[in-house]
Amino acid sequence: MADLLPPRSAADLFGDPIDSHPLWFKKTSFLQEDFDSEAYISDLRTFVPFDTLRSELQSHLSSLKHELVDLINRDYNDFVNLSTKLVDVEGAIVRMRAPLTELKEKISQFRESVESSLAALQNGLRQRSEASAAREVLELLLDTFHVVSKVEKLIKELPSVPADWSNGQINSLVKDPTSNGTSSQHSETGTNLRETQSILLERIASEMNRLKFYMAHAQNLPFIENMEKRIQSASLLLDASLGHCFVEGLEHRDGNVIYNCLRAYAAIDNTKSAEEIFRTTIVAPLIQKVIPHGSSGLIGGDELEDDYQQIINYIEKNCKFLLEISFTENSGLHVFSFLANSILKEVLSAIQKGKPGAFSPGRPTEFLKNYKSSLDFLDHLEGYYPSRSTVAKFRSESVYGEFMKQWNTGVYFSLRFQEIAGALDSTLMLTSLTPVDNSNSDKGISGDLTLKQSVALLESLRSCWREDILLLSCSDKFLRLSLQLLSRYANWLSSGLAARKSGNTASNPGSESALSAVPDDLVYVIHDINYLVTEITGSYLERVLQLLASCSSEVLDLVKQSILQGGKSLKDLVPVIMNAVIEALVEKSVEDLRQLKGITATYRMTNKPLPVRHSPYVSGVLRPLKGFLDGERAAKYLTSEARGDLLRTAAFEITTRYYELASDLVSVARKTESSLQRIRQGAQRRAGASSDVSDNNVSDTDKICMQLFLDIQEYGRNLSALGVEAAEIPAYKSLWQCVAPPDRQNAVTF
């Protein structure tokens, strides 16, 4: 097994191999086709010194020479025999050169022959192409000349048609445009002259269309430039004759004539003229009857609802026949837009001249009515279109966009914003919480709300989605306004509570109402918040989602979440307001507890006997809390659960404050007693009296503690009367252990 392994040197076993190189030195780089020595050195010089690089290159060069020598030694016999095998090489080369030279000459001659033939062929093809192009131009010019002559001839026949038909002689033959020029004689007696003329005009229009095609392909040619005057003259005569025939067809409601004229207008791509003729001939007189120029300020003001209804009736009576013709299937008349460029354009012009105030958002109520009436009018016009694609084309017309730009909905929303938000803000700036007058007849609007501020919020929220205020195109803005109203009300409450806690209203304008509010007023706030949350997350949310039912489910989910979040922001204020009520009640109770200081003055160095009954202040400690819970507002507007939570929390807070005051009082009394005792003992020692005589008299501190013990017993009974177990309050237990006699500290009984 060891024989299969190549021998290894000592350097390989105990050190680096001879041909080992650093990691940055890549031997494969020299084998690349695009190897550049200068670029290679410039890349390495940034992190490799020149001396190191030179030594590595020299080492690599020596290794390459060593490999070359090894290869030569390995194949030495082949190198030696190579010279012996190369015998008469030069002779072989001479013998091969002669046929190769001959073949090269033949190929060169053949190549020259092919190139000359190819050049001749290309020259012939170029001449043929030039001749073909010239022939096409000549044919195009001839066709153009024939079409111009034909159009002029047909136009000249137009004036002669009435004279021929007035004599009753139907001798002229009218070629049918769908029969490739073959003539058909109209043998029916009484054929309509206008129809015949319209058919001839349609034929002329088709020829003019051909003429436009020829002119587009023969631009800048002198022949065409010389014929431009004749072509323009023919085009003007065609437009005049076609317009006259179209007007007569409209006046007589001749469907065939109108159809032929419209096809003629479509053929020459002049739809605007047909739309303008229809507007000035039929639409304008009708609209003028409804909205005369300069009629603004007259009877009816700038309202458009009745005007739109009259216009709709006129359209149904006088314009529908043309609309039905233009919407004929597979007629090619879909290029016309009479509803936009004739009817809507004339209506817009009439409103701008006759009732410009209708577009003014300065009167929001009238603006909204006119805007909604305009949308209904547009919906009625869209009802004439046979497909969605035609409706989309109608909405893309420039006159449609111009009509919609007249309605400045952004200014309208700004005015409504000021109106709605201003009403709420002015109410929130009142200096006090103002109850709602129950005798007011607006009970249905305010519901069970008790404060004017809350009523103003609910009315503002509902106003955002009232039919006489809401614009569906601005529904996102009204939704944002609704959330802003909720946020404004919540911030008003939060800032008021913060000012109430700090006692400073300078930094929070409008918070005076919270600072002056009594606990009974805050009950109104708690009730109103609960009512508002129920209303907002219930019927109000359903109303909003119903109005936005046309939106996608994703949008409706976002709307629902945003409104629910607004209701939650109000709901989160209830515990904060409840704490404010508790703090107010506790502060009132602490005012009576401060009478504890009088106990020290009563028993300090007065030689009064031990107390046997509680102090008068005890009966007043829980009076604010009891009066609040027994009050009409708390009983009516707070749930039993809320009253129970408030009672327990307030009792805990009052007891804690009671314990703090009593423990401080006892601590001071004991320190004072100890100081007096030391002074008394010092005086006795100086007088020579014995200081070991025990004093069996009751100390002042014991009297104070007994009085406090009697007081907390009565306080505990008062708590029990309210439904709170005093023994379950940790602060009461601490207070009991602080003042109770040693034999009664283990059990809380009273």
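Modeller: Let's start with a term: a polar contact is a pair of N or O atoms within 3.5 Å; within protein, one must be able to donate a hydrogen and the other to accept it, and residues adjacent in sequence count only if both atoms are side-chain atoms. Here, the side chain of Ser663 reaches the backbone oxygen of Glu660 at 3.0 Å. This is a predicted model, where local features need pLDDT of at least 70 and side-chain atom pairs count only at pLDDT 80 or more, while totals for chains, interfaces and linings use all residues. Residues are numbered from 1 along each chain as its sequence is written, and side-chain values use heavy atoms, leaving out hydrogens and water.

Colleague: Where is the place of Ser663?

Modeller: Ser663 sits in helix α27, residues 640–687. Helices (H or I, at least four residues) and strands (E, at least two) are DSSP runs, numbered from the N terminus. The protein has 29 helices and two strands.

Colleague: Is Ser663 buried or exposed?

Modeller: Buried means under 20% relative accessible area, exposed over 50%, and partly exposed in between (1.4 Å probe, protein chains only). Ser663 has a relative accessible area of 18%, so it is buried. Across the 750 residues of the protein, 38% count as buried.

Colleague: How do I read two helices side by side?

Modeller: Two packed helices are described by the angle between their axes and the distance between the axes. The axes are lines fitted to C-alpha atoms, for helices over the stretch in contact, and angles run from 0 to 180 degrees between N-to-C directions. Take helix α25 (residues 623–630) and α27: their axes come within 11 Å and cross at roughly 175°. That makes α25 roughly antiparallel to α27 (the cut-offs are under 35 degrees for roughly parallel, over 145 for roughly antiparallel, 65 to 115 for roughly perpendicular, and oblique for the rest).

Colleague: Which residues in α25 meet which in α27?

Modeller: Contact means heavy atoms within 4.5 Å. From α25 come Leu625, Phe628 and Leu629, and they meet Arg643, Leu646, Leu647, Ala650, Ala651 and Ile654 in α27. By class, this contact has eight nonpolar residues, no polar ones and one charged residue. Ala, Val, Leu, Ile, Met, Phe, Trp, Tyr, Cys and Pro count as nonpolar, Asp, Glu, Lys and Arg as charged, and the others, Gly among them, as polar.

Colleague: How many aromatic pairs does a search of the whole structure find?

Modeller: Rings of Phe, Tyr and Trp (its six-membered ring) pair if their centres lie within 6.5 Å; planes under 30 degrees apart count as stacked, over 60 as edge-to-face and the rest as tilted. Searching the whole structure gives 22 aromatic pairs. In one of them, Tyr489 and Trp492 have ring centres 5.6 Å apart and planes at 45°, so the pair is tilted. Both are in helix α18 (residues 475–502), three residues apart, about one turn of the helix, and both are buried.

Tyr732 and Trp736 make another tilted pair, 6.3 Å centre to centre with 40° between the planes. They are four residues apart in helix α29 (residues 730–739), so about one helical turn separates them. Tyr732 is buried at 0% relative accessibility, and Trp736 is also buried, at 0%. There is also an aromatic cluster formed by Phe359, Phe367, Tyr371, Phe403, Trp407 and Tyr412.

Colleague: What is Ile351 in contact with, leaving aside its neighbours within four places in sequence?

Modeller: Ile351 contacts Ile291, Leu304, Tyr308, Pro356, Ala358 and Phe359. Ile351 and Leu304 are 47 residues apart in sequence, yet 8.7 Å apart in space, C-alpha to C-alpha. Ile351 lies in helix α11 (residues 338–354) and is buried, at 0% relative accessibility. Glu346 is in helix α11 too, and at 7% relative accessibility it counts as buried. Not counting residues up to four places away in sequence, Glu346 touches Arg279, Val283, Ala284 and Ile287.

Colleague: And what about phi in the loops?

Modeller: Look at Arg253, whose phi is near 50°, a positive value in a residue other than glycine. Arg253 is in the loop between α7 (222–252) and α8 (255–267), and is partly exposed, with a relative accessible area of 44%. Asp269 is not a glycine either, and its phi is positive, about 55°. Its place is the loop between α8 and α9 (271–290), and Asp269 counts as exposed at 65% relative accessibility.
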